[in-house]
Amino acid sequence: MPLLKNDAFVNDAWVSLADDAEVPENGSIIVSLARLERDWDQLVSFTGLLGVRLTNTDKVEALESYISQITLVVLPFPAFADGRSYSIARGLRLDGYRGELRAEGNVLPDQLQYMRQVGFDSFAVSDRFPLQVWQSAGKQMSLAYQRGLFRAANEAEVWSARHRGFEPWEEQPHAG
Amino acid sequence: MYRYDEFDAKFVNERTAQFRDQANRRLKGELTEDEFRPLRLMNGLYLQLHAYMLRVAIPYGTLSGAQMRQLAYIAEKWDKGYGHFTTRQNIQYNWIKLEDAADILQALADVEMHAIQTSGNCIRNVTTDHWAGAAVDELADPRPVGELIRQWSSLHPEFSYLPRKFKFAITGAPHDRAAVKVHDIGLRLHKNAAGDLGWEVLVGGGQGRTPLVAVTVREFLPQNELVAYLEAIMRVYNLYGRRDNKYKARIKILVHELGAEKFRAEVEAEYAKHPAQQTQVEEAELARIAKYFALPSFEKLSRFAPHFEDAKLSTPEFARWARNNLAAHQVDGYTIVNISLKPEGGIPGDASAEQMRVMARLAERYSHNELRVSHAQNIVLPHVRLEDAFEVWKALKEADLATANYGLAGDIIACPGLDYCSLATARSIPVAQAISRKFADLDKQQDYGPLKINISGCINACGHHHVGHIGILGLDKKGEEYYQITLGGSSSEHASIGTILGPGFAADEVPDAIETILNTYVKLRHSGEDFLSAYRRVGPKPFKEALYAAA
């Protein structure tokens with residue numbers, strides 16, 4: 001499954017660790033929330049990069065005490081029409097999480113722009129579509145009425161643009 | 001009226017281009033129907049029994065003459081020469097080809113309209129009081145907030161894949177003509193002791209299989225906090241609304257299952273995490289929008305309109321229409337004209353292209369270029385000089401648009417039913433037609449007084465039967481259509497869900513049953529007591545007895 005990041009397919013350095021698998025010496029590992037909670041005493045001193053895979057019924061608050069150590073959060077789209085992960089992602093970003101936020105599951109070109117706008121910045125995508133489909137899919141709308149979204153270079157926030165003198169409202173700058 | 005600026009125009013044009021690309025990919029087979037469905041739905045395109053149906057958004061029910069003309073043009077060019085105005089203040093075209101859809105969306109964009117989010121599990125077209133900006137009891141015109149919500153909810157990235165569809169209704173008047181208590185979110189304007197305006201936020205009302213009246217989540221929300229507060233409600237719903245069963249996926253079920261207190265606590269907790277901040281832009285935007293809704297430049301007129309009074313004396317038919325279909329206006333010498341789209345034996349809410357053009361012309365000439373669509377499927381000319389009412393009536397009469405039954409027994413709300421809809425279990429239109437023929441006598445209708453008869457062709461309740469004073473629900477029993485009757489529903493500020501009277505009736509028995517109910521009412525009413533008040537006083541018993549005595 002290709003990994004899409006910054007409009008390019010990239011190698012995925014992250015390894016998903018089963019709940020009963022041994023924690024390696026180093027590297028970039030993704031664990032479940034259950035494992036994170038269970039083995040936190042051990043994981044807190046892990047010297048590599050630590051990521052967590054949530055389900056879309058996990059609460060953002062559950063990550064609160066771990067988030068400063070986390071550099072990747074993976075959120076699922078079990079079906080593209082199941083939109084819970086949009087709100088989890090947005091909640092994480094509003095809470096100030098600045099690490100990588102990855103969408104996986106039924107991730108399709110026609111939802112890519114929305115995903116990026118709520119704060120996703122990497123996408124485990126279906127290999128049905130060539131890269132240029134992904135590149136153009138995320139850019140079809142150059143305007144958004146909502147404030148505080150993650151905007152690509154070609155996107156403008158309508159209300160802020162109308163009322164010059166007010167800066168676009170963003171929780172934090174982000175390359176997307 | 002609101003006008004698009006460069007941003008709004010670019011937005012709908014880009015959206016149209018995006019849809020054209022999606023439709024082409026579907027036609028070429030690059031998108032599966034499963035993948036295409038939510039995309040087309042969020043652009044208003046349904047697949048119905050016989051063809052595609054396109055539902056066009058008429059935000060808060062407001063239209064200009066030019067926009068109404070374009071709707072007529074679309075009806076002629078791409079449909080069968082008519083359109084159907086709906087209970088969501090929208091218009092539907094029932095005979096659309098997928099290949100034409102993008103061209104139609106472009107024709108809409110050309111007159112500052114769209115079909116965005118008229119379907120799909122997202123925030124739908126915002127509805128409001130069809131007399132907004134003209135009603136005498138109004139605290140403020142709710143449409144600027146309607147437009148603010150239209151923009152905020154358009155292609156909202158976080159809330160486009162909700163558990164289920166989501167409907168807003170807003171009223172700026174104490175008398176609720178927008179049915180806000182039976183919407184997912186209803187907003188009611190109040191003035192506090194200090195004279196400030198704020199919104200009562202009601203959540204979890206709805207009809208369908210599980211009719212519920214909304215609960216108040218906030219009594220008085222300052223206007224500048226509205227967008228942030230709505231985001232908190234939507235986030236709670238998006239995260240916790242049920243997705244395992246589409247019949248339990250509306251926010252009303254979440255509110256009901258959690259209980260009002262727990263739901264309110266969840267929303268307030270979410271809101272407390274990210275309360276309204278830097279609301280200057282929202283405030284500036286609302287102020288910008290509000291300028292478009294400034295009252296038109298009304299003339300200073302006398303309350304007494306001699307030409308109007310003379311016409312009533314000389315033309316009794318006009319006098320009857322004037323008594324029924326005109327409503328008091330905020331400004332002396334003006335009136336609100338309610339055009340009934342419910343002619344005897346007609347299809348409720350249907351208008352031909354020619355009728356649309358007549359109404360467009362009348363709006364341009366007599367109503368400051370404004371029309372409204374009401375959720376009862378009628379059209380309103382909101383700002384007509386009393387002295388022009390006779391001219392307006394003559395033109396309407398010529399176009400078969402002057403039926404004097406506004407708000408009476410013949411003014412029936414009906415969904416498209418089994419004649420068009422793939423969800424329906426029974427026909428609605430023929431039943432509405434039969435009832436309107438049964439009560440064709442306007443004297444009789446007037447004697448029955450204010451009455452809402454609402455008909456749905458299935459449990460999804462698009463015809464609002466739960467909140468009809470008399471509700472009719474079409475069901476299917478072993479291949480036979482039959483109709484359940486409910487009494488005592490209301491969508492007003494005193495909203496209530498109707499009570500089922502007893503066993504259902506065959507289609508051809510329904511008009512007689514309604515007559516029995518109304519004759520029972522006439523016998524027991526107190527002087528001046530309307531149907532709903534009488535029902536609320538006596539309950540269902542006398543009606544049950546009259547209906548089922550023979551059986």
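## Getting to know chains A and B

Visitor: Which residues does B:Q433 touch, not counting residues up to four places away in sequence?

Guide: Contact means that heavy atoms lie within 4.5 Å. Leaving out residues up to four places away in sequence, B:Q433 touches B:G345, B:G346 and B:I347.

Visitor: What pLDDT do side-chain atom pairs need in order to count?

Guide: Residues are numbered from 1 along each chain as its sequence is written, chains are lettered from A and ligands numbered from 1 in the order in which they are written, and side-chain values use heavy atoms, leaving out hydrogens and water. pLDDT is the predictor's confidence in each residue, from 0 to 100. This is a predicted model, where totals for chains, interfaces and linings use all residues, local features need pLDDT of at least 70, and side-chain atom pairs count only at pLDDT 80 or more.

Visitor: What is the mean pLDDT of chain B?

Guide: For the model, the scores are ipTM 0.94 and pTM 0.95. In chain B, 100% of the residues reach a pLDDT of 70 or more, and the mean is 96.

Visitor: Is B:Q433 buried or exposed?

Guide: B:Q433 lies in helix 14 (residues 429-438) of chain B; helices (H or I, at least four residues) and strands (E, at least two) are DSSP runs, numbered from the N terminus. Buried means under 20% relative accessible area, exposed over 50%, and partly exposed in between (1.4 Å probe, protein chains only). B:Q433 has 17% relative accessibility, so B:Q433 counts as buried.

Visitor: How many salt bridges are there between chain B and chain A?

Guide: A salt bridge is a side-chain nitrogen of Lys or Arg within 4 Å of a carboxyl oxygen of Asp or Glu. One example joins the side chains of A:R162 and B:D8 at 2.8 Å, N to O. Between chain B and chain A, the count of salt bridges is 10.

Visitor: Which helix gives the largest share of the side of chain B that touches chain A?

Guide: Elements giving two or more residues to this side include helix 2 (33-41) and helix 6 (226-240) of chain B. By class, the side has 17 nonpolar, 12 polar and 20 charged residues; Ala, Val, Leu, Ile, Met, Phe, Trp, Tyr, Cys and Pro count as nonpolar, Asp, Glu, Lys and Arg as charged, and the others, Gly among them, as polar. The largest share, 10 residues, comes from helix 1 of chain B.

Visitor: Why are B:E231 and B:R235 separated by about one helical turn?

Guide: The side chains of B:E231 and B:R235 meet in a salt bridge (3.6 Å, N to O). B:E231 and B:R235 are both buried. They are about one helical turn apart because they sit four residues apart in helix 6 of chain B.

Visitor: What is the relative accessible area of A:E157?

Guide: The side chains of A:E157 and A:R147 meet in a salt bridge (3.9 Å, N to O). A:R147 is buried, with a relative accessible area of 6%. A:E157 is buried too, and its relative accessible area is 3%.
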